[in-house]
Amino acid sequence: MSTLALRSQRVVTPEGERAATILIENGRITALLPYEAEIAADSVLDVGRRAVLPGIIDPHVHINEPGRTDWEGFDTATRAALAGGLTSLVDMPLNSAPVTTSVANLELKKAATQGQLHCNVGFWGGVVPGNAAEIEPLIAAGVLGFKAFLTHSGIDDFPNATEEGLRRVMPILARHRLPLLVHCELSEDNDDWKKNDHRSYPNYLASRPKKWEDDAVNMMIRLCEEFNCPVHIVHLSSANSIAPIAAAKVRGLPLTVETGQHYLYFNAEDIADGQTQFKCAPPIRERANNEQLWAALQAGIIDFVATDHSPAPPDLKQLESGDFTTAWGGIASLQLALPVLWTAARPRGATLSDMARWLSANPAKLAGQSEKKGRIAPGFDADLIVFDPEMTFVVSEELLQHKHKVSPYICQELAGVVELTFLMGEQVFQRPDFTHLNHGQFLTR
């Protein structure tokens, strides 16, 4: 049984950043020792002033396989993950075909991972009209929780849930203490905006008002309180919902919230007409709104940040026409989760400990992994990254491991470079190359 001692002057632990030696044996951290400790390990790696962080956990990723592998797929998604320091992902139940709304469909998705799983992957089940009888079997089959939309998902085979449908499902999830993840937009049928300038970003932004989000969030807070069911609000973009969320948390409701890197890095004022690579739902809002999201994240009202990596082939993004009315809505950013957030957070006084909390420890809680992943501490899995927080780079198509290179981050200069990625104590990535692949495992609670 081999042992590895990983030394750094900047090990980011739950208690803060310090010089330490991480002793790793059989894929797990067995001890945190002084930096200068003499170690009888099989190998010793000293990374100096480069930081060691827990591997990033992203619980909001659309991998799209099977059925839409031409959009992404497990091979390219999990390669991109390792290159960006992400060691665990949770795959959303839609955009694959079939969608993950039954045990039979879940098994098809698991089968599609064979020989392609380069990082750890878990699965969310889906809540759609008519599948309430599938919830308990999906739980028994190992899903980590469930996802529902309150508006059209963009995929006709994953229709939105209704309040009546959620009322049938939430008591089951409350009994199992599994989270219900909700896309919060209570939309109205009104396509008048499509009569206006199709290339106008302000026109698209106005088509999905904050009220849609705010009404949906208020409904989910009410249902969360009624059923005592864990509820997680995905990709919050409306700052108007921060106050009711904060009040719900003060009351002790089992409510958690994420926002996305793109809501914290970009602002609507900077998006030119026709730049459909920025289209997502909910939309990227104005600078004043997004500053309030930052304040809520730093205050702990927003629990963490997730990419909502939702790639599509370039033709679906309507890059040539710049038509926001027909372009696919989704931001491709999986590989850039850490440097994007670090670039935007550092000028606001954020620390590497904040990164570990927002990208590792808190996402691990949602996915039921908090007893084994997301922290550098004895007994935890040795999913680790070596990160140079001072180095900068410019995002290029050649750099990205995503299947398609369409991303609003192309040509952005970012701070922070992932140098090494370890999965269960084994080095799987050393910039710019992969070293050992196909070591990912399924995440289970």
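**Close-up views of strand pairing and helix packing**

View 1. A5 stands opposite L23 in β2. The model shown here and in the other views is predicted. Strand β1 covers residues 3-13 and strand β2 covers residues 16-25; the two run antiparallel and are joined by 9 bridges. The hairpin from β1 to β2 passes through 2 residues. Strand β1 also pairs with strand β4 (residues 43-46), here in the parallel sense and over 4 bridges. In that pairing R7 is placed opposite D46 of β4. Strand β5 (residues 51-54) is a further parallel partner of β1, with 2 bridges between them. R10 has A51 of β5 as its bridge partner. Of the 11 residues of β1, 10 are buried, so the strand is largely enclosed by the rest of the structure.

**View 2. The open sheet β6-β7-β8.** Three strands make up this open sheet, in the order β6-β7-β8, and their pairing is parallel. Its edge strands are β6 (56-61) and β8 (120-123), each of which pairs on one side only. From one strand to the next the twist averages 20 degrees. Strand β7 spans residues 86-91 and is joined to β6 by 4 bridges, the two running parallel. Within this pair, D58 stands opposite L89 of β7.

View 3. Strand β11 (residues 180-183) and strand β12 (residues 231-233) run parallel and are joined by 3 bridges. L181 has H232 of β12 as its bridge partner.

**View 4. Helix α4 against helix α6.** Two packed helices are described by the angle between their axes and the distance between the axes. Helix α4 comprises residues 163-176 and helix α6 residues 210-227; their axes come within 10 Å and cross at roughly 40 degrees. That angle makes α4 oblique to α6. The crossing of the two helices is right-handed. By class, the contact of α4 with α6 has 9 nonpolar and 4 charged residues, and no polar ones.

**View 5. Helix α10 against helix α11.** The axes of helix α10 (residues 337-345) and helix α11 (residues 352-366) come within 11 Å, crossing at roughly 135 degrees. The two helices are therefore oblique to each other. Their crossing is right-handed. Which residues make the contact between α10 and α11? From α10 they are A337, L338, L341, W342 and A345, and from α11 they are L352, M355, W358 and L359. The residues of this contact divide into 9 nonpolar, no polar and no charged.

View 6. Strand β16 (residues 413-423) and strand β17 (residues 426-430) run antiparallel, with 4 bridges joining them. F422 has Q427 of β17 as its bridge partner. The hairpin of β16 and β17 has 2 residues between the strands, and in this hairpin M424 takes a positive phi near 50 degrees. Strand β17 also pairs with strand β18 (residues 433-434), in the antiparallel sense and over 2 bridges. Here the bridge partner of Q430 is D433 in β18. A hairpin through 2 residues joins β17 to β18.

Key:
Residues are numbered from 1 along each chain as its sequence is written. This is a predicted model: local features need pLDDT of at least 70, side-chain atom pairs count only at pLDDT 80 or more; totals for chains, interfaces and linings use all residues. Side-chain values use heavy atoms; hydrogens and water are left out. Axes are lines fitted to C-alpha atoms, for helices over the stretch in contact, and angles run from 0 to 180 degrees between N-to-C directions. Angles under 35 degrees count as roughly parallel, over 145 as roughly antiparallel, 65 to 115 as roughly perpendicular and the rest as oblique. A crossing is left-handed if the near helix is turned anticlockwise from the far one by less than a right angle, and right-handed if clockwise. Ala, Val, Leu, Ile, Met, Phe, Trp, Tyr, Cys and Pro count as nonpolar, Asp, Glu, Lys and Arg as charged, and the others, Gly among them, as polar. Buried means under 20% relative accessible area, exposed over 50%, partly exposed in between (1.4 Å probe, protein chains only). Two strands pair if DSSP finds at least two bridges between them. Contact means heavy atoms within 4.5 Å.
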